[in-house]
Each structure stands twice: as structure tokens, then as C-alpha cells.
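Dear colleague,

I am passing on the structure we spoke about, with some notes on what was found in it. Please have it open while you read.

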Amino acid sequence: MAQASWKKTPKPPLAPAILRMLREVALTLLAALALYLLITLWSFHAADPGWSTSGTGAPVHNAGGRVGAWIADVLFMLFGHVAFLFPLLAGVSAWRMFLQRKETGARDLRHTALWLGGFVIALLGACGLASLHFGNGGDGAAFPAGGMLGNAIGYGLAGPFSYTGATIFLLALFFSGATL
């Protein structure tokens, strides 16, 4: 007796006009995100309420409002001054969307995953290097220069590999990620 088999019918691809419209929407949203992140990070104030502090009760100083103060606090505590790479990532993504706005085919997800993986690798290297070489920043900041992630990576590697070995490894990590 023959078994029944399910035939999968391929989904029809999106029309080129719809793909173009979706790219334009993504471009607008990514550009707005990049600008908002840059403003919230730039206008960070340690007295604002956030993830690591409840604030002083004074009005919020962050130009991004309460949400912006909270986002800036989280990013600075986790990544330190390297958090400024996030608006850069959103801006570069918006620029790539702008350059690809007239393409008719769908994006290759493997290429995007490789690009994002490179960003993560560069981010890890930059956070570790910032923690090793700038410590607490020396600028009176309430967060370490490389954030908690940078402290974990930088000092975690400095123990077994020494300060010089950790620096070499983190530089290689950062430049490998930047290349990707």
C-alpha cells in the first residue's frame, strides 16, 4: 500500500515593489534608531534613573527621556564607551539598506548573519581592550570603560595569558570582527 506524501508548494516570492517598500521602511526605522541611540548615549547623565540607579528624583536630563536614560544606562554598564558602536551599527545598516533599495531579490540571510557575527566579535574585542587599557575610564564615569562585558573578557584573558597576551588576542579579535 502506498503512503500518502505531502507536497510542499513553494511560497511565491514577494513582488519587487513590496520588497522595495519593505527596504524603505527598514531604512527609515534604522536611521531613526541610529539617531535616537546616538542622542541617548551622548546625553547620558549619571543622576537619571536607569538600570543601575534609581535616580535622584530630579527631572530626567537625557534627551531621550526616561526610556533613553534607561537604554543609555544599560548599554554603558554592559559595554562601556564601546556602546557608541550600536548607533554606528544601526547607521551602517541603514546605509546598506539605502544602497540596496532598488534590488529586486530577497537578502541572503547567511550574509547578514556573517555581518552581524563580525560585529559581535569586534564588539567583544573592543570591550576587552577598553577595559584593559582604560580601566574605569578616568573620566569619573559610573561605569567601566569596557563595561561589565569588557571587564569579564579583558581581565578573564589577562589572568592566564598576561596583559600583553590578552592585548594581542583582543586586537586580533577586534580586527577579525571588523574585517567580517
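The notes below take up a helix, a residue and a pocket.

This is a predicted model, in which local features need pLDDT of at least 70 and side-chain atom pairs count only at pLDDT 80 or more, while totals for chains, interfaces and linings use all residues. Residues are numbered from 1 along each chain as its sequence is written, and side-chain values use heavy atoms, with hydrogens and water left out.

Helix α2 covers residues 65-79, helices here being DSSP runs of H or I with at least four residues, numbered from the N terminus. Its 15 residues should span 21 Å at 1.5 Å a residue, and the end C-alpha atoms are 21 Å apart, which agrees; the expected span is 1.5 Å times one less than the number of residues. Among the buried residues of α2 are G68, A72, L75 and F79, where buried means under 20% relative accessible area, exposed over 50% and partly exposed in between, with a 1.4 Å probe and protein chains only. The cover over the buried residues of α2 includes α1 (16-42), α3, α4 and α5. After α2 comes G80, with a positive phi near 65 degrees.

Y155 sits in helix α5 and is partly exposed, at a relative accessible area of 43%. Beyond its neighbours within four places in sequence, Y155 is in contact (heavy atoms within 4.5 Å) with S131, L132, G135 and G150. The C-alpha atoms of Y155 and L132 are separated by 6.9 Å, although the two residues are 23 residues apart along the chain.α4 gives the most to the lining of the largest pocket, with 5 residues (on a 1 Å grid over the protein atoms alone, a pocket is an open set of points where a 1.4 Å probe fits, with protein on both sides within 12 Å along at least five of seven lines, and lining residues have an atom within 4 Å of a point).

Definitions and conventions: Helix = DSSP H or I, 4+ residues; strand = E, 2+ residues; numbered from the N terminus.
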